[in-house]
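Let's take a friendly walk through a protein and its RNA partner. Have a look at the picture, then read on.

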Amino acid sequence: MTVKVRFAPSPTGRIHVGNIRAALTNWLFAHRHGGVFVLRIDDTDLERSTQAFEDGIETDLTWLGLTWNERYNQSKRFDIYQTAAERLKAMGKLYPCYETGEELDRRRKVQLSRGQPPIYDRAALALTPDQIAALNAEGRRPHWRFKLDGRRVKWTDLVRGECDVDTTSMSDPVLIREDGAFLYTLPSVVDDLEMGISHVVRGEDHVTNTGVQIEIFEALGGTAPIFGHFSLLVGTDGEALSKRLGSMSIMDMRDKGFEPLAVTSHLARLGTSDPLEAMASLELLSESFDFSKLGRAPARYDPADLERLNAQVLHAMPYGQAKPRLEALGVDLGEAFWLAIRTNLAMFTDVTELARLVAGPVTPMIEDADFIAQALALLPTEFDDNVWSDWVGAVKTATGAKGKGLFQPLRRALTGMDHGPEMGPLLVLIGRERAAARLAGQTA
RNA sequence: GGUCCCUUCGUCUAUCGGUUAGGACACCAGAUUUUCAAUCUGGGGAGAGGGGUUCGACUCCCCUAGGGACUACCA
């Protein structure tokens, strides 16, 4: 079976960790099976959808490397939905309702206060053709509801196994609004059918929808795709993540300087039985993807894990990949520099600080002037790869200092800091002239 | 109020009736002539609670507690 999946975001905001996880899971699954990944912009809500958010979705997906093979806008496909709606109307599966929003709201509250489930009572189904004609004559425009069969709809879910939803416990869903706008449900089903979507992979917040959607798939004479509902993410305290989602947009992560692979590795591995580690590419990530590895319990999203993964990505980043970015920051000090300092990076932009350690200016920290003076006198004239160990050995012999007492003052004098990259390669990069100046107490 | 799902080390998870309950990350300790990083070695650390079923339960059933989702003319 050819795998064809879709990511269908609505351009009503920037995408965040919650919905990018859906995009990622679909992408990984598609690539694992040589399938097709469709980007379907769900802009049926004309009022809330904006071009800027639509562009933002493309920017974010592209930044993460989640490229798409096909792309659609639902707002350009209304005629297709209209045709499907007419078919449903002809079958009597889609029926007009004239209650106002306030009315519906009031009824719901009454039901709730009586301890009853807030389900639509299907009053509109009792309307006679004459009544409907009268209502229309009054200028009232209906919204349209899909008449549920009222049965247990079953499917075998890729992550949840055997599932069923009892559609008798649900209201008939509104498919078309009073103003004629299509609500998400119908376009989603029609497009899945029309585009030949083989697998619908999404968060478990859609399991109830699946029940009604399968009924619509079948009403339209189609076969429902295979469904997979992964568990949602929660915060570090186990509370719903949705409350903090605003601060976790992909855009923010990019602005803060996180590596895209850290973000994707994190979201791909979280909640799975695979180790939470940074992968070198999305392809590698997709090779280990398997629905059977997904847990059913909500997983905790911990930003600290993202930071760790980000560091991992940096620590393994080859020079060729870093070079253009180093150039952009004006700190491309060569491959030896990159290899010497990359394991000390948490964020890529940390390189500017580390570059300063080499190129200056560094204000030395010197406590024991005599000791440093002795060290300066012993500084070799030839700076080869062994300069650090040769020099330190000589200083050790001359002063009797050892261990921390030996290394710490030298590091402080040379870098002005208590910690940093390994001194061996660093000293070579600093060079004799600057090293000597710093040991002499000068800022260099 | 109703429906559905979930609950194993701090975290993500393995286990699919009989295990010293395994791994990864984190943490702690040690090693690698200082620190940071990396690496290696070792260590502590778990079945939400209560009832059943069974020779035997983390595993099956019920109840309770906690968490999540859904219950829109949002998606």
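How many nonpolar, polar and charged residues does the surface near RNA strand B have? Keep in mind as you read that this is a predicted model.

## The surface near the RNA

Sorted by class, the surface near RNA strand B has 19 charged, 19 polar and 16 nonpolar residues.

Helix H17 gives the most, with 5 residues.

## Which parts of the RNA meet the protein

Now look at the RNA side. Sugar or phosphate accounts for 72% of the atoms of RNA strand B within 4 Å of the protein, and bases make up the rest.

You can find examples of each kind of contact. An N or O atom in the side chain of Arg296 is 2.4 Å from a phosphate oxygen of RNA strand B. For the bases, a polar backbone atom of Glu178 is 2.9 Å from a base oxygen of RNA strand B.

## Inside the protein

The largest nonpolar core has 86 residues, and Tyr301, Trp338 and Trp391 touch the most other members. Helix H1 (residues 17–32) gives the most to this core, with 9 residues.

Leaving out residues up to four places away in sequence, Trp391 touches Ala375, Leu378, Leu379, Pro380, Leu410, Leu414, Leu427 and Leu439. There is also a second, separate core of 30 residues, with Ala84, Trp144, Val153 and Val190 among them.

## Aromatic pairs

Aromatic rings can pair up too, and the structure holds 11 such pairs. Phe78 and Phe182 form a tilted one, at 5.8 Å centre to centre with 45 degrees between the planes. Phe78 sits in helix H3 (residues 78–90) and Phe182 in the loop between strand S8 (174–176) and helix H6 (185–194), so the pair links parts of the chain 104 residues apart. Phe78 is partly exposed, with a relative accessible area of 27%, whereas Phe182 is buried at 4%.

Why is the pair of Trp388 and Phe407 tilted? The ring centres are 6.1 Å apart and the planes stand at 45 degrees, so the pair counts as tilted. Trp388 counts as buried at 12% relative accessibility, while Phe407, at 37%, counts as partly exposed. Finally, look for Phe29, Phe289 and Phe291, which form one aromatic cluster.

Definitions and conventions
Residues numbered from 1 in each chain as written. Chains lettered and ligands numbered in written order. Predicted model: local features only at pLDDT ≥ 70, side-chain atom pairs only at ≥ 80, totals over all residues. Heavy atoms only, no water. Near = heavy atom within 4 Å. Polar contact = N/O pair within 3.5 Å; in protein donor to acceptor, adjacent residues only side chain to side chain. Helix = DSSP H or I, 4+ residues; strand = E, 2+ residues; numbered from the N terminus. Nonpolar A, V, L, I, M, F, W, Y, C, P; charged D, E, K, R; others polar. Core = buried A, V, L, I, M, F, W, Y, C linked by side-chain atoms within 4.5 Å. Buried < 20%, exposed > 50% of the residue type's maximum accessible area, 1.4 Å probe, protein only. Contact = heavy atoms within 4.5 Å. Phe/Tyr/Trp six-rings, centres within 6.5 Å; stacked < 30°, edge-to-face > 60°.
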